[in-house]
Amino acid sequence: MSEPTAEATTSDLAEDLAAVAPEPDATVTHDPDVADAMIRLDEVSKTYAGTAEPAVAALTLDVPRGEILVLVGPSGCGKSTTLRLINRMIEPTGGRILFDGRDVTRVNPDELRRHIGYVIQQIGLFPHRTIADNVATVPKMLGWDRSRIRARVDELLDTVGLDPSIYRNRYPKELSGGQAQRVGVARALGADPPVLLMDEPFGAIDPITRDRLQNEFLRLQADMQKTIVFVTHDIDEAIKMGDRIAILRDGSAIAQVDTPQRILALPIDDFVQDFIGSGAALKGLNFERVRDLTLGDFPHVRHDAGHAKAIQILDGSRQQWMVVLDAHERPLRWVNRTDIDRSDRRLTEVGQAVRVTVEPNATLHDTLEAMLNSSVGAAIVTDARGRYQGVVEIEVLTEAISRMRTEARAHYASLGLSTADAPGLAPYAPPALDGTS
Amino acid sequence: MTNTTTIAPDPAVTEDVAPDSAAATSAVTTGGGSRGIVALLVTPVVLAVLSLVLYLYVGGAEKDSAERSALDWGSKLYPQMQTHVGLTLWSTVIVLALAVPMGILLTRPMFRKGAPQVGRRELPRPIGGAFQYLSPSMLAVANVGQALPAYGLFILFLAWRGQGFATAVTALVVFALLPVLRNTMVGLEQVDPAVIEAGRGMGMSKFRVLLSIELPLAVPVILAGVRTALVINVGMASLAFLIGGGGLGITINSGLKLSRDLITVTGAGMVAILALSVDWVAAVVERVLRPKGL
């Protein structure tokens, strides 16, 4: 480490770990799929003395560089334990932990942790130290010189959205929960570790602030590209934050690990299905965008084309409705056959006004929303300048959902995994009306 | 703390402005904010006035030869006061040297059975056997020290160690051990486990966490114990004369034996002023050593 840079340079870690870790183990077998695994857990297990059942049993997991992997599962499934095994806050009783290909299972855990950011739900700021001192904790331990530390602290406070000139010399008790966790994140990033472990970091923060912190953190991550393991019990947070999600059952056994899309499209068994809860298909629509759909032909007509032409086009299709466009090809009205038959009025005056349109980069979730708001039950797609591109009908959405499932199935088949146990898409179950859901 | 001026929060982060009550709570937890400062500044004046009153009263009173001899500053009162202060300081220093390390040791996980585990996930397991009972039993011993009547304690130590200053200091140490030990343990245990977890998680060694996090955060509670011990010891040292330990107790005793109120009042008054002064010094130290931000 020489210059204070915001970018994680992986050679930094390699250098740092070289000081504490032995040479890479030649016997490490590199799965081609995860050749670039930043964190690799190899059959890691933890059995507490005096207990027969392991708390974590032979867990194998790879986290590729720059990915957010979310560990999610019901209370007591061992997800926090798993996280704490990675930085050896809990010493594993079996297996190996590899960082960047180096076995760190037996290096000095204190030295190791200085190169791994750690954020916990209770935050744990040092109340007797200023915000700046808190953020400087790891750089100080690593022996950075003072001016470098000061610059780094200011940079980090800026990054997490706290004005250094205001907050530098404050004490933690003067901060609200949201601000404190911003400092918590800044402190974890102190020495620019390539790896970040986060244990329900936003769990104790009110929903509105949590949502904001999540969004800011995702923006931050887009720049810094850390390798992150993130623990939560909230499936919605997992879907939002995760590049991949590992759903854990008791004993930290992995029930399913995959992208949010695939997990939502194809929960591998009843446990995952139950855990995701109802509305998986609906949540899955968040990951598909209109531009990925093939829009079929839909009857449309220029407003000045005349009634006869309109009738001809509508009759030539199997649709009830058609779209009337203005001179710039912007959608104006929805009209049906009865509307057109009123030949005394212009096409721009009959039928229903188009109120909502969607753009190609809208998610299918937004599109569904637009459909529900349209009296016709379909959503018009326009380009950035508002020009008509096509129409999304409800069948297109159901097709998209089933296509996601098919793709997920094909993916699992290519991995040689059986999806025979996968439950079908849950039949629609109306939510309970007691307000608990 | 005086630096509680609220600075307007950055508009970018107005979502959760720090509660203004932070200033209010700090006033409570720091033991009195500006009021505390006033008390600290006024106390020495009050003590000076008290000393002056006592001096004028004793100096102005008519004295017989017994009184003159007992109240002689150079040969009686001053050396006795020196011994008194010596007894207090030595016993307190020794108590500190014993109780703080003991308190640290006894709060380490391996000595704790049924230690509060709330939030502190996965501590090393207690090493079991007799050790885990050490912590409660040490507290019990220290409790006995304080529960015994002071008079009895002095006599016990007289029988064991013989007369003298050292015996008196030993007895005072046993007597004052409890508040410091207990406060050290309580002070260390009330440190938020999340703070320790965060420190360890960032790569601080256990020793470093103890030194730079646990102890500083326990300082206010430990110092409160030390202050209690000091005041107890100033009072208790008045009995040290019983076993030849010297101190202002000699003067008080002479007054009682000779039925000379003037002598008794002088001795008792000086002990009282000494106790208040020691308490004041301890309060100042507490204020200076208390970490900011608590």
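## Basis and conventions

Two residues are in contact if their C-beta atoms, placed from the backbone, lie within 7 Å. Among contacts in chain B between residues at least 6 apart in sequence, those joining residues at least 24 apart make up 72%; the corresponding share in chain A is 64%.

This is a predicted model, in which local features need pLDDT of at least 70 and side-chain atom pairs count only at pLDDT 80 or more, while totals for chains, interfaces and linings use all residues. Residues are numbered from 1 along each chain as its sequence is written, and chains are lettered from A and ligands numbered from 1 in the order in which they are written.

## Composition of the chains

Helices (H or I, at least four residues) and strands (E, at least two) are DSSP runs, numbered from the N terminus. On this basis chain A holds 17 helices and 17 strands, whereas chain B has eleven helices and zero strands.

A residue is buried if 20 or more other C-beta atoms lie within 10 Å of its own, exposed if 12 or fewer, and partly exposed in between, with C-beta atoms placed from the backbone. Chain A has 437 residues, of which 43% are buried; in chain B, 34% of the 294 residues count as buried.

## Interface between chains A and B

The contact between the chains draws on 35 residues from chain A and 31 residues from chain B. On the side of chain A that touches chain B, the elements giving two or more residues are α3 (109-113), β6 (116-120), α5 (137-141), α8 (177-188) and α9 (207-224) of chain A. This side comprises 15 nonpolar, eleven polar and nine charged residues; here Ala, Val, Leu, Ile, Met, Phe, Trp, Tyr, Cys and Pro count as nonpolar, Asp, Glu, Lys and Arg as charged, and the others, Gly among them, as polar.

## Nonpolar core

A nonpolar core is a set of buried Ala, Val, Leu, Ile, Met, Phe, Trp, Tyr and Cys residues joined through C-beta atoms within 7 Å. The largest such core has 166 residues, and A:V70, A:V229, B:L172 and B:L177 have the most contacts inside it. Helix α7(B) supplies the largest share of this core, 14 residues. In soluble globular proteins, nonpolar side chains tend to be buried together.

## Packing of α6(B) and α7(B)

Helix α6 (residues 150-161) of chain B packs on helix α7 (residues 165-189) of chain B at an angle of about 135°, with the axes 9 Å apart. Axes are lines fitted to C-alpha atoms, for helices over the stretch in contact, and angles run from 0 to 180 degrees between N-to-C directions. The two helices are therefore oblique to each other: angles under 35 degrees count as roughly parallel, over 145 as roughly antiparallel, 65 to 115 as roughly perpendicular and the rest as oblique.

## Buried helices

In chain A, eight of the eight residues of helix α2 (residues 79-86) are buried, so this helix is largely enclosed by the rest of the structure. Among them are the charged residues A:K79 and A:R84. Just after α2(A), A:R88 adopts a positive phi of about 60°.

Helix α8 (residues 193-201) of chain B is mostly covered, with seven of its nine residues buried. Its buried residues include B:V195, B:I196 and B:E197, and they pack against α3 and β6 of chain A together with α9 (206-236) of chain B. After α8(B) comes B:G203, with a positive phi near 95°.
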